[in-house]
Amino acid sequence: MNNPQPPHRNVVIASLREGLGVEDIAVICECRAEQVRAIAAELRSAGIMQTIRFEPPRYAA
């Protein structure tokens with residue numbers, strides 16, 4: 001991964017809503033964790049993180 005594209009904000013929001021962590025999102029999106037952290041910080045500073053409805057984690061049956 002020389003210069004991976006950062007994930008889209010909507011993907012980060014949906015993934016956080018599902019209960020995934022920064023490292024998990026980075027692996028799924030094939031990008032760097034720093035890129036995901038930067039987007040999460042941007043969402044936090046814009047007040048968007050406070051409005052995200054987090055779903056309880058789903059467990060395999």
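Biologist: Why is Glu 30 called exposed?

Modeller: Glu 30 has a relative accessible area of 60%. Exposed means over 50%, buried under 20%, partly exposed in between (1.4 Å probe, protein chains only). So Glu 30 counts as exposed.

Biologist: What is the model, and how are residues numbered?

Modeller: The model is predicted: local features need pLDDT of at least 70, side-chain atom pairs count only at pLDDT 80 or more, and totals for chains, interfaces and linings use all residues. Numbering starts from 1 along each chain as its sequence is written, and side-chain values use heavy atoms, with hydrogens and water left out.

Biologist: Where is Glu 30 found?

Modeller: In the loop between helix H2 (22-29) and H3. Helices are DSSP runs (H or I, at least four residues), numbered from the N terminus.

Biologist: What makes H1 roughly perpendicular to H3?

Modeller: Helix H1 (residues 9-17) and helix H3 (residues 33-45) pack at about 85°, with axes 10 Å apart. Roughly perpendicular covers 65 to 115 degrees. H1 is therefore roughly perpendicular to H3.

Biologist: Which residues of H1 and H3 meet?

Modeller: Arg 9, Val 12 and Ile 13 in H1 meet Ile 39, Glu 42 and Leu 43 in H3. Contact means heavy atoms within 4.5 Å.

Biologist: Why is Ser 15 called buried?

Modeller: Ser 15 has a relative accessible area of 11%, so it falls in the buried class. Ser 15 is in helix H1. Beyond its neighbours within four places in sequence, Ser 15 is in contact with Leu 20 and Ile 25.

Definitions and conventions. Axes fitted to C-alpha atoms, helices over the stretch in contact; angles between N-to-C directions. Helix = DSSP H or I, 4+ residues; strand = E, 2+ residues; numbered from the N terminus. Parallel < 35°, antiparallel > 145°, perpendicular 65-115°, else oblique.
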